[in-house]
Amino acid sequence: MIDRREFLKMAACLSASFGITQFPGIVQAALKKIDPASVPRLIYLQGQSCTGCSISLLQAQSPNAVSMITQYSKLSFHADLSATSGKQALDLIDDYISGRAGEYFLAVEGSIPWGMPEACVIGDKPFADYVTAAAQTMSGAIAVGTCATHGGIPAAEGNLTDAISLKEFYLRKKIKPLLIEIPGCSVHPDWVWKTIIHLVQVGLPELVDGQPKMFFSRRVHELCPRYHDYQQEIFARKLGDKGCLFKLGCLGPETYADCPTRWWNGGQTWCIDANAPCIGCASPFFAAKKDFPFYTPFKQNKV
Ligand code: SF4
Ligand code: SF4
């Protein structure tokens, strides 16, 4: 149960988050009680993505997604959540990207079609133009998900758009913004939201190769409850068997992520607990080559 005061606060924040600026009376009054300076504004743009990371972010449980976009951040635009559309939505994005609307962080989900900018547009402008312009005005950028951090599936070998990651895009443009990279296909909600909480409460988290060390410093393999089976050479022969999944193509030895200790779906399960090999969704090589394996042993495995 939430009381009336909490409801008003939440409604006020949500209306702002969803781009409703002409909200009369009671909600506007409640909005004045929130200190917008204390939380970062987020402009969340999607490039070549499937929106899976956004869906995952909305599954956050502790804190939940509403708290995350109202108390710990101020989500000022997200295409899937915005109540505005058309020119009003485009003007809202432009106000931020131009710097007129004040400080903000840019969150980018999806890759960028370097070789075919018209393959991904917002309104009638290439997505790449927004990302380029934002580099001049944003406080920093957060690359959300493996498409944004490494290119992911849109950048798979043979793709026609020359899709690239946000880091690669800025490298080619010779721009060096503050960039936090959070891989995963999809991304774990904690990895993104807890990075933002860290930004709000402590400051920039320690990064290793651009990724928050607190989530990506150890391999899935090192933390895996089946590591003992691996050492004893007790291997599963088919999906559903007990034992280490290495011979079924598990990429835990190649993948840096804390899934074995964090778990997914609010702590209910995670890939290997569900008897599925780690498919390396948070790794740089995820889906990069045509012969990238999902359920066959990866010949480059080095343990
Ligand atoms: S190979 Fe996979 S299943 Fe086996 S111990 Fe490593 S991470 Fe766990
Ligand atoms: S265990 Fe591997 S495939 Fe599963 S979510 Fe974690 S990094 Fe991705």
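**Figure 1. Trp191 and Trp264 are both buried.** Buried means under 20% relative accessible area, exposed over 50% and partly exposed in between, with a 1.4 Å probe and protein chains only. The model is predicted: local features need pLDDT of at least 70 and side-chain atom pairs pLDDT 80 or more, while totals for chains, interfaces and linings use all residues. Residues are numbered from 1 along each chain as its sequence is written, chains are lettered from A and ligands numbered from 1 in the order in which they are written, and side-chain values use heavy atoms, without hydrogens and water.

**Figure 2. Trp114 and Phe169 form an aromatic pair.** Rings of Phe, Tyr and Trp (its six-membered ring) pair if their centres lie within 6.5 Å; planes under 30 degrees apart count as stacked, over 60 as edge-to-face and the rest as tilted. This rule gives ten aromatic pairs. In the pair of Trp114 and Phe169, the centres are 5.7 Å apart and the planes at 75°, which is edge-to-face. Trp114 belongs to the loop between β4 (112–113) and β5 (121–122) and Phe169 to helix α8 (residues 166–172), so the pair ties together parts 55 residues apart in sequence. Helices (H or I, at least four residues) and strands (E, at least two) are DSSP runs, numbered from the N terminus. Trp114 is partly exposed, at 31% relative accessible area, whereas Phe169 is buried, at 2%.

**Figure 3. The rings of Trp191 and Trp264 meet edge-to-face.** Their centres are 5.9 Å apart and their planes at 85°. Trp191 is in helix α9 (residues 189–201) and Trp264 in the segment after α13 (259–262), so this pair ties together parts 73 residues apart in sequence. Trp191 and Trp264 form one aromatic cluster with Phe215 and Phe216.

**Figure 4. Charged ends sit over the rings of Tyr130 and Trp114.** A charge counts as over a ring if NZ of Lys or CZ of Arg is within 6 Å of the ring centre and within 35 degrees of the ring normal. For Lys125 over Tyr130 the distance to the ring centre is 4.6 Å; for Arg172 over Trp114 it is 5.2 Å.

**Figure 5. The residues around ligand 2 include Trp264.** A residue is taken as near a molecule if one of its heavy atoms lies within 4 Å of it. Also around ligand 2 are Cys259, Cys271, Cys278 and Cys281, among others. The shell has seven nonpolar, two polar and no charged residues. Ala, Val, Leu, Ile, Met, Phe, Trp, Tyr, Cys and Pro count as nonpolar, Asp, Glu, Lys and Arg as charged, and the others, Gly among them, as polar.
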